[in-house]
Amino acid sequence: MKILTRLTTIVLLNFVFIASTYAQTKKQTIVYTDIDNFWVAFDSVQTTTDSLKQLNILQRLYVDKGTPGLKAFMQAKGYTTAAWLDCIRNYPKYWASIRPKTLKIKEVNKELDPYIAKFKKTYPAFKPGNIYFTIGAMRSGGTTQDDKVLIGAELATGDPEVDISELPANTQNWLKTYFGTYPFKDVVLLNMHEFVHTQQKGRANTLLTQTILEGTADFVAELVTGKVPAMAYMTYGKQHETELKNKFKEEMFLDSYGNWLYNGASNDFGVADLGYYMGYAICKHYYQQAKDKKAVVKELIELDYSSDESIEKFLTKTGYFKEGFNKAELLKSYESKKPTVINLGSLTNGDKSVDASLTEMTIYFSKPMIKNRMSINLGEGGEANFPIKKSLGFAEDGKSIKFQMELKPNHTYNFVITGRGFRSVDGYPLVELPVSFKTK
């Protein structure tokens with residue numbers, strides 16, 4: 001979306017509620033101050049219609065008073081005071097319906113003690129940190145930064161009762177599905193998932209590494225709570241694991257996550273975030289084969305996720321792919337299956353004498369393409385050298401697409417036909433093609 005992809009959430013260990021003191025201690029702490037400050041600022045914003053005054057109010061009463069968690073959340077998600085004001089002004093029904101739910105977040109304290117104790121027992125080496133409940137600008141339900149868990153309660157506390165009618169259509173579709181899972185009811189499970197991330201080190205370069213990182217969080221959270229996320233990826237994954245396993249193996253060494261993680265349902269499977277399930281399945285398979293279960297948990301959490309080589313060795317060790325795998329061969333095979341641009345119809349790439357009266361360009365592909373996906377980026381010359389005005393649509397067989405162009409005499413044009421959007425019906429991204437030409 002990118003209002004958010006997968007809602008990351010809250011985690012708590014031996015916590016102490018604090019209202020205005022944020023000093024790091026050896027105990028787990030939970031801070032709600034930003035939620036209270038936000039609603040004070042929100043009410044004050046309603047006293048004027050002057051946007052500059054409203055901006056000043058939000059800055060003074062919310063941002064300037066923000067906890068270290070709010071500051072970290074702003075940095076992690078690119079939040080600005082103007083972003084909050086835009087959300088407040090554009091979605092009043094949403095804020096009215098979500099407000100009482102965000103205030104109930106403080107009640108989670110009562111539910112966590114037994115799970116806290118079990119988490120410690122499961123992973124004795126855990127490092128305490130702080131959990132900050134904030135109100136974000138509707139881009140993320142939560143994330144982590146170092147030892148901080150950062151929660152956007154305006155999303156993490158949603159349910160089907162929240163009024164999403166004012167939001168963009170694609171956002172409505174995603175939130176309807178997500179809020180339909182009643183995420184707040186599984187707050188303990190979600191807490192544990194996110195807290196695992198604060199214990200891990202390094203971040204991934206490949207799809208494989210990132211799925212193991214996320215799958216570890218889901219799996220350890222299940223060990224602690226006895227539950228799995230009420231998300232479509234978990235249900236679909238269990239039902240289609242063999243199919244997913246074969247496809248994942250083919251793509252797991254890529255540096256692109258788009259088909260598997262942090263996405264909507266517009267992927268090859270029609271289900272978002274299936275990489276979470278694949279990582280979970282690999283971790284669970286390894287755990288079930290092991291004699292020393294506690295040692296496996298420690299190993300999973302303490303993997304070096306900045307080292308793809310380490311994660312590849314770990315995958316071999318798990319035995320998840322009984323037939324083994326060869327990275328070089330898998331990458332070569334994957335590349336060979338990508339569709340390519342055969343030609344540009346009456347336009348020749350690199351031509352320096354194109355007729356400026358040409359008004360259309362047709363891109364021909366080596367394979368039938370998905371008809372609702374396309375992406376052409378600006379080239380080196382930016383907008384001034386971009387000739388395309390609009391798409392005229394795919395051919396019925398999906399093997400070509402036509403674009404309207406507008407050209408000037410004696411002018412250089414360039415653009416990039418990308419694999420980010422164009423994708424074959426059998427699930428492979430297009431080989432990227434830079435295009436450049438000059439008119440007479």
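The largest cavity has a volume of about 60 Å³, and the structure holds 2 cavities of 30 Å³ or more. A cavity here is a set of points, on a 1 Å grid over the protein atoms alone, where a 1.4 Å probe fits but cannot get out; the points are joined across faces, edges and corners, and a volume is the space filled by probe spheres set on them. The model is predicted, with local features needing pLDDT of at least 70 and side-chain atom pairs counting only at pLDDT 80 or more, whereas totals for chains, interfaces and linings use all residues. Residues are numbered from 1 along each chain as its sequence is written, and side-chain values use heavy atoms, with hydrogens and water left out.

**Cavity lining**

- Tyr 178, Thr 181, Tyr 182, Pro 183, Asp 186, Leu 190, Pro 229, Ala 230 and Met 231 line the largest cavity, where a lining residue has an atom within 4 Å of a point.
- By class, this lining has 7 nonpolar, 1 polar and 1 charged residues, with Ala, Val, Leu, Ile, Met, Phe, Trp, Tyr, Cys and Pro counted as nonpolar, Asp, Glu, Lys and Arg as charged, and the others, Gly among them, as polar.

**Nonpolar cores**

- The largest nonpolar core has 108 residues, of which Phe 38, Trp 84, Tyr 94, Trp 95, Phe 119, Phe 248 and Trp 260 touch the most other members; such a core is a set of buried Ala, Val, Leu, Ile, Met, Phe, Trp, Tyr and Cys residues joined through side-chain atoms within 4.5 Å, and buried means under 20% relative accessible area (1.4 Å probe, protein chains only).
- Leaving aside neighbours within four places in sequence, Trp 260 is in contact (heavy atoms within 4.5 Å) with residues including Leu 207, Leu 244, Phe 248, Phe 269 and Met 278.
- In helix H12 (residues 241-251), a DSSP run of H or I with at least four residues, the buried residues are Leu 244, Lys 247, Phe 248, Lys 249, Glu 250 and Glu 251, and these pack against helices H10 (207-225), H11 (232-239), H13 (274-289) and H16 (327-336).

**Aromatic pairs**

- A search of the whole structure finds 34 aromatic pairs, a pair being rings of Phe, Tyr and Trp (its six-membered ring) with centres within 6.5 Å.
- Tyr 32 and Phe 133 are stacked (planes under 30 degrees apart), because their ring centres are 5.0 Å apart and their planes are at 25°.
- This pair links distant parts of the chain, with Tyr 32 in the loop between strand S2 (28-31) and helix H1 (33-45), and Phe 133 in strand S3 (residues 130-134), 101 residues apart.
- Tyr 32 is buried at a relative accessible area of 1%, and Phe 133 is buried at 0%.
- Phe 38 and Tyr 62 form an edge-to-face pair (planes over 60 degrees apart), with centres 5.2 Å apart and planes at 75°.
- Phe 38 lies in helix H1 and Tyr 62 in helix H2 (residues 51-63), so the pair ties together parts 24 residues apart in sequence; both residues are buried.

**Strand S4**

- Gly 142 is in strand S4 (residues 142-145), a DSSP run of E with at least two residues, and is buried, with a relative accessible area of 3%.
- Thr 144, also found in strand S4, is buried at 15% and touches Val 149, Leu 150, Glu 194, His 197, Thr 198 and Arg 203, not counting residues up to four places away in sequence.

Note on methods:
1 Å grid on protein atoms, 1.4 Å probe; cavity = no way out; pocket = protein on both sides within 12 Å on 5 of 7 lines; lining within 4 Å. Buried < 20%, exposed > 50% of the residue type's maximum accessible area, 1.4 Å probe, protein only.
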